[in-house]
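Open your viewer and get ready to select residues by number. This short tour goes from stop to stop.

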Amino acid sequence: MSVAPGLQPESWHLLSLLEQAPGLQALGDTLADLADEGHPVVVGTADLKYSNGLVRFQERHPDKYLQFGISEQHMVSTAAGLATTGLRPYVATFASFMALLACEQIRTDVAYTRQPVRLIGHHAGITLGFYGTSHHATEDLAITRSIAGLTVVAPADTAALAAALRASVDLPGPVYFRIGRGRDPDVYPAGTTLEIGKAVEHGTGSDLTLIATGSMVHPALGAAAALNADGYDVGVLDMHTVKPLDEEAVLAAARRSRLLMTVEEHNVLGGLGGAVAELISEHGIPVRLHRHGIRDQYSLIGPPTHLYRHYRLDAPGVEAEAREALLA
């Protein structure tokens, strides 16, 4: 029986895919760069090297690339074992499979043993629109932030992803990266840096602070610009690290603004909104909080762009949601 060859590096199919999803191209390239620089990086995926761009890593470092097939739980457990030898495993699959299917392996094999495994959940939220509920990941933030010792990072765009990967190399303990489908609009310039656990402030506002994470940072910035042009005073926090939360930034915003609004491509329960609610209630700060996301339901099935519009997760939708919250 012959096996069909994979896509060749010069194949227009592959080039077209990577051109449409620059964030996924950055994933493979950044990890390959880290390996070039001498970091003990090994990379694995579960039969998705074209979907997540890790074919770029395989081309440059075939000896450090592992293909696990459709075996996500085994991949996570193996990564934990590799980490005990001094390696830095970065393993990737769809976020729904990583955080839900392999949850036990993440908790017991990786987090409990405090192994420096980097878990990359791509196509998170509702980015796999037509694939349906089995492939949607609107619970992963709640799951991963509840696992002791697990850092949770959701970069806003390609540059932020590359910066977060670099920032994670020497970070102790495991990390869960939540990324989309590699098509997020640019928020930051190439070569930007970020500090894990430190939010990025995009202006301050006495009326409203939008606290957004991952794919929702760009829509939040668009909504803030529209609201500010209409006379409101609105700031934005890019909370790229959901755990540990930048408590100082959240508390400062809570004391400064009359309304906080979290924005996430996730169930409003247990994710970023839950983290912010826990923090401000524990500190007794009398500020209103509006959690915006998917309101405790399984999302509809359709094109991602249509779903974002339906759930008010595009810039006009975030703006409309904020206006209603400000007038409530």
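Start with helix 9 and helix 13, which are oblique to each other. Keep in mind that this is a predicted model.

**Stop 1: helix 9 and helix 13**

Select residues 217–229 for helix 9 and residues 315–327 for helix 13. Their axes come within 8 Å and cross at roughly 55°. An angle of 65 to 115 degrees would count as roughly perpendicular, so this pair is called oblique. Is the crossing left-handed or right-handed? Helix 9 and helix 13 make a right-handed crossing.

Now show the side chains at the contact. On helix 9, pick Pro219, Ala220, Gly222, Ala223, Ala226 and Leu227. On helix 13, pick Ala315, Val318, Glu319, Ala322 and Arg323. Colour them by class.

Look at the spacing of the numbers along each helix. An α-helix has 3.6 residues a turn, so residues three or four places apart point the same way.

**Stop 2: helix 10 and helix 11**

Next, select residues 247–256, which form helix 10, and residues 272–282, which form helix 11. At what angle do helix 10 and helix 11 pack? The angle is about 70°, and the axes are 10 Å apart. That makes helix 10 roughly perpendicular to helix 11. Helix 10 passes helix 11 in a right-handed crossing.

Who touches whom here? Helix 10 brings Glu247, Val250, Leu251 and Ala254 to the contact. Helix 11 brings Val276, Leu279 and Ile280. By class, this contact holds six nonpolar residues, no polar ones and one charged.

**Stop 3: the buried residues of helix 10**

Stay on helix 10. Which residues of helix 10 are buried? Select Ala249, Val250, Leu251, Ala253 and Ala254. Now bring back the surroundings to see what covers them.

**Stop 4: Val42**

Finish with one residue. Select Val42, which lies in strand 1 (residues 41–45). Is Val42 buried or exposed? Its relative accessible area is 12%, so Val42 is buried, the cut-off being under 20%.

Show what Val42 touches. Beyond neighbours within four places in sequence, Val42 is in contact with Lys64, Leu82, Leu87, Arg88, Pro89 and Tyr90.

Last, draw a distance line from Val42 to Tyr298. These two residues are 256 residues apart along the chain. Their C-alpha atoms are separated by 35 Å.

Terms used
Residues are numbered from 1 along each chain as its sequence is written. This is a predicted model: local features need pLDDT of at least 70, side-chain atom pairs count only at pLDDT 80 or more; totals for chains, interfaces and linings use all residues. Side-chain values use heavy atoms; hydrogens and water are left out. Axes are lines fitted to C-alpha atoms, for helices over the stretch in contact, and angles run from 0 to 180 degrees between N-to-C directions. Helices (H or I, at least four residues) and strands (E, at least two) are DSSP runs, numbered from the N terminus. Angles under 35 degrees count as roughly parallel, over 145 as roughly antiparallel, 65 to 115 as roughly perpendicular and the rest as oblique. A crossing is left-handed if the near helix is turned anticlockwise from the far one by less than a right angle, and right-handed if clockwise. Contact means heavy atoms within 4.5 Å. Ala, Val, Leu, Ile, Met, Phe, Trp, Tyr, Cys and Pro count as nonpolar, Asp, Glu, Lys and Arg as charged, and the others, Gly among them, as polar. Buried means under 20% relative accessible area, exposed over 50%, partly exposed in between (1.4 Å probe, protein chains only).
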